Amino acid sequence: RYETGYILPLLARDLVKRLAALAMICTICALAGGVAGVAPVLAACAVCALSILTVGRRRRAARGLSARATAMLWVSGIFSTISYMLPAILLAGQPSVPMLLIGFIWIFGVLVNLTNSFGKFPVYNLVCLVTAMLMVTATLVTAWQSGHFAGDPSAWGLAMAVLAVYGANTVQTTIQDRHLLTALAAARRAADDRLSALEQMTLRDTLTGLANRQAFDAALERLLDQTSLDTHVGVFMID
């Protein structure tokens, strides 16, 4: 729930831009002859966007995410990834090499967006990337089975092998990033602990370990800041 609370603003932040890009690619699909598949794609993405906005509104109202809202957001994220990859499958089934290229440009745009947006959240990023790679596989299979594009079966098999290598490398990199983020968090905590220890040293007498004048001034300042008009602060001084 803690990490999902940070994922939610990222999903909502680029929502308008993603929907605008989706409208562009769906228009291209319609012009290429895939009109029948455009409406389901738009409907699915609209449902996902509505789910994200609903979860965001509930979070603001409840000041937190429930387990149900967290699960809803993850399901919406996975379903949204599938929906945004569907135009590539529609374009792969058209008898046009430029449309196939547009489909694959769109695919890699989605992959780059996922990596750049959620790279700091390896688990969510990994789930979405694996989903996206499955959709890329479906796009290649659709292009192969359409019969419109030249190439013997061995060439298509090579394309599948390259995709498998790419997918395995992406998964490995994402897992390594997770370990790297864990190590960076541990290093940051160690640095904070050292800074805290140094700060405490400046507030203690090195011989006795008692609070020094600097600590006294800081404590008195905090007391004075917290004191209301009807209360008093007394100071004893022993010279």
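Ser76 sits within helix α4, which spans residues 67-92, where helices (H or I, at least four residues) and strands (E, at least two) are DSSP runs numbered from the N terminus. The model is a predicted one, in which local features need pLDDT of at least 70 and side-chain atom pairs count only at pLDDT 80 or more, while totals for chains, interfaces and linings use all residues. Residues are numbered from 1 along each chain as its sequence is written, and side-chain values use heavy atoms, with hydrogens and water left out.

With a relative accessibility of 6%, Ser76 counts as buried; the term buried means under 20% relative accessible area, exposed means over 50%, and partly exposed lies in between, with a 1.4 Å probe and protein chains only. A polar atom of the Ser76 side chain lies 2.8 Å from the backbone oxygen of Met72. If residues up to four places away in sequence are not counted, Ser76 touches Cys48 and Ser51, contact being defined as heavy atoms within 4.5 Å.

Cys48, one of these partners of Ser76, is itself buried, with a relative accessible area of 3%. What is the closest cysteine sulfur to that of Cys48, and how far away is it? It belongs to Cys45 and is 6.1 Å from the sulfur of Cys48, which is too far for a bond, because a disulfide is a pair of cysteine sulfur atoms within 2.5 Å. The structure as a whole holds zero disulfides. Cys26 is likewise in no disulfide, and its nearest cysteine sulfur, that of Cys29, is 5.8 Å away; Cys26 counts as buried, at 4% relative accessibility.

Helix α6, made of residues 122-146, contains Thr139, a residue that is buried with a relative accessible area of 1%. The side chain of Thr139 reaches the backbone oxygen of Met135 at 2.9 Å. Leaving aside neighbours within four places in sequence, Thr139 is in contact with Ala88, Ile89, Ala92, Phe104 and Ile107.

Trp144 is also found in helix α6, but here the side of the picture to consider is accessibility, for Trp144 is partly exposed, with a relative accessible area of 40%. Residues up to four places away in sequence aside, Trp144 touches Pro153 and Trp156. The C-alpha atoms of Trp144 and Ala67 are separated by 42 Å, and the two residues are 77 residues apart along the chain.

Val171 belongs to helix α7, residues 153-202, and is partly exposed, its relative accessible area being 28%. Not counting residues up to four places away in sequence, Val171 touches Leu126 and Val130. Between the C-alpha atoms of Val171 and Asp225, which are 54 residues apart along the chain, the separation is 53 Å.

Together with Phe216, Leu223, Leu224 and Val235, Val233 forms a nonpolar patch on the surface, with about 420 Å² of accessible area together. Patches are made of residues with over 30% relative accessible area and no salt bridge, like charges being joined within 9 Å and nonpolar side chains (Val, Leu, Ile, Met, Phe, Trp, Tyr) within 5 Å. A salt bridge, in turn, is a side-chain nitrogen of Lys or Arg within 4 Å of a carboxyl oxygen of Asp or Glu, and accessible areas come from the Shrake-Rupley method with a 1.4 Å probe, where for residues only the protein chains shown count as cover.

Definitions and conventions: A polar contact is a pair of N or O atoms within 3.5 Å; within protein, one must be able to donate a hydrogen and the other to accept it, and residues adjacent in sequence count only if both atoms are side-chain atoms.
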